[in-house]
Amino acid sequence: MKRLALLALLAASPALAQEKPVLTVYAEDYVTSEWGPGPKIEEGFEAICGCDLTFVTGDILPRLLMEGEGTEADVVFGLNTDVLARARASGLFAQHGQDTSDMSLPVAWEDDIFLPYNWSETAFIYDETRTPNPPKSFAELLDAPEDLKIVIQDPRGSISGLALLLWVKSVYGEGAPQAWAKLAPKVLTVTKGWSESYGLFTEGEADMVLSFTTSPAYHIEAEGDKTKHAAIFPEGHYFLTEVAAQVKGTDQPELAQSFMDWVLTPKFQSVIPHANWSLPSKLPEADWPQVMRDLPRPDKTLFYSEDEAEALRRPALDEWLAAFSQ
């Protein structure tokens, strides 16, 4: 038996010797979902890094803040500007070392830590076969009959849900409580994350879903379905970009830096439209897929800086909770 055990150990030794280093990337749940970009990002980076990229999904920021300097993350992927003030204050992140002087974003970007890899605007998506006369403005949405049912995400854990809070705040200001009071009866349910909401919409459980102006591109390209549209409102749409950042205390600094070096390359950026179903942060519009260039865009982009968003987050959340506790 001892001889057999020794032979088995010797046989396993070459595999152990060839074991690849692991880059652990904390990401939002959607990244590895059916619609998410995770598989293509993993495949693309592993082709050049000689490593094993492993996604750990969930609520990134709460987990990071709880783990502190003991976190197992080497890179985070999917924080957005509305939570960056708290992320930056943690002191957990290193500089990215990238040139961000010519980004293809609709807002100015100067940040040496957080690196945007995509962007879109928040929007309500509808199916023209079920909702032939969608609201043509935010005001019409608020005044729509209560049998119009929408699904949204919980702003306490979802970046899109938080973006809706700030969208309502940026459009209605001090009148946000009244806006929520009119919207709340039309909300069929509030889901923990975007994937659950979008699943309910595609299953026909709701007429509209909180998502992004670029979401119809998935249906057109992946399903040949041209019935899903973003309702474009003249009041403007709230901008959302997601960022990657290298953890300062990573035990894989070279791999983590390689990942950051890769994010703004044309090869990575060209993956975003068809994998993340959003717009690339550093790719000229002429190089976007035709399906993205054909999508309607809002005339007005609304955006709060990270400090403004942090200052508004708590009072806006209180207004939202008050409306949904009635």
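1. In this predicted model, the axes of helix α2 (residues 38–49) and helix α10 (residues 253–263) cross at roughly 120 degrees and come within 11 Å. That angle makes α2 oblique to α10, and the crossing in which α2 passes α10 is right-handed.

2. The residues that bring these two helices into contact are I41, G44, F45, I48 and C49 on the α2 side, which meet L255, S258, F259 and W262 of α10. Sorted by class, the contact of α2 with α10 has seven nonpolar and two polar residues, with no charged residues.

3. On the scale of the whole protein, the domain assignment gives domain 1 as 22–119 + 240–292 and domain 2 as 121–238 + 298–325. Between the C-alpha centres of domain 1 and domain 2 there is a distance of 24 Å, and the contact takes 26 residues from domain 1 and 25 residues from domain 2.

4. The size of an interface is often given as the accessible area lost when the parts come together. For domain 1 and domain 2 the buried area is about 2,300 Å², and carbon and sulfur atoms give 65% of that area. Of the area that domain 1 buries against domain 2, 32% is supplied by W35, D82 and L240, which is more than any other three residues supply.

5. Turning to another helix pair, helix α7 (residues 176–183) and helix α14 (residues 306–324) have axes that come within 9 Å and cross at roughly 35 degrees, and α7 passes α14 in a right-handed crossing. The contact is formed by A176, P177, W180 and A181 from α7, together with E319, W320, A323 and F324 from α14. Divided by class, the residues of the contact of α7 with α14 are seven nonpolar, no polar and one charged.

6. Helix α7 also has a crossing with helix α6 (residues 159–172), where the axes come within 9 Å and cross at roughly 120 degrees. That angle makes α6 oblique to α7, and α6 passes α7 in a right-handed crossing. From α6 the contact uses L164, L165, V168, K169 and Y172, while A176, A179 and W180 take part from α7; by class, the residues of this contact of α6 with α7 divide into seven nonpolar, no polar and one charged.

7. Reading the last two points together, A176 and W180 of α7 take part in the contact with α14, and A176 and W180 are also among the α7 residues in the contact with α6.

Conventions
Residues numbered from 1 in each chain as written. Predicted model: local features only at pLDDT ≥ 70, side-chain atom pairs only at ≥ 80, totals over all residues. Heavy atoms only, no water. Axes fitted to C-alpha atoms, helices over the stretch in contact; angles between N-to-C directions. Helix = DSSP H or I, 4+ residues; strand = E, 2+ residues; numbered from the N terminus. Parallel < 35°, antiparallel > 145°, perpendicular 65-115°, else oblique. Left-handed = near helix turned anticlockwise from the far one by under 90°. Contact = heavy atoms within 4.5 Å. Nonpolar A, V, L, I, M, F, W, Y, C, P; charged D, E, K, R; others polar. Domains from an automatic or database assignment. Buried area = accessible area lost by both parts, 1.4 Å probe.
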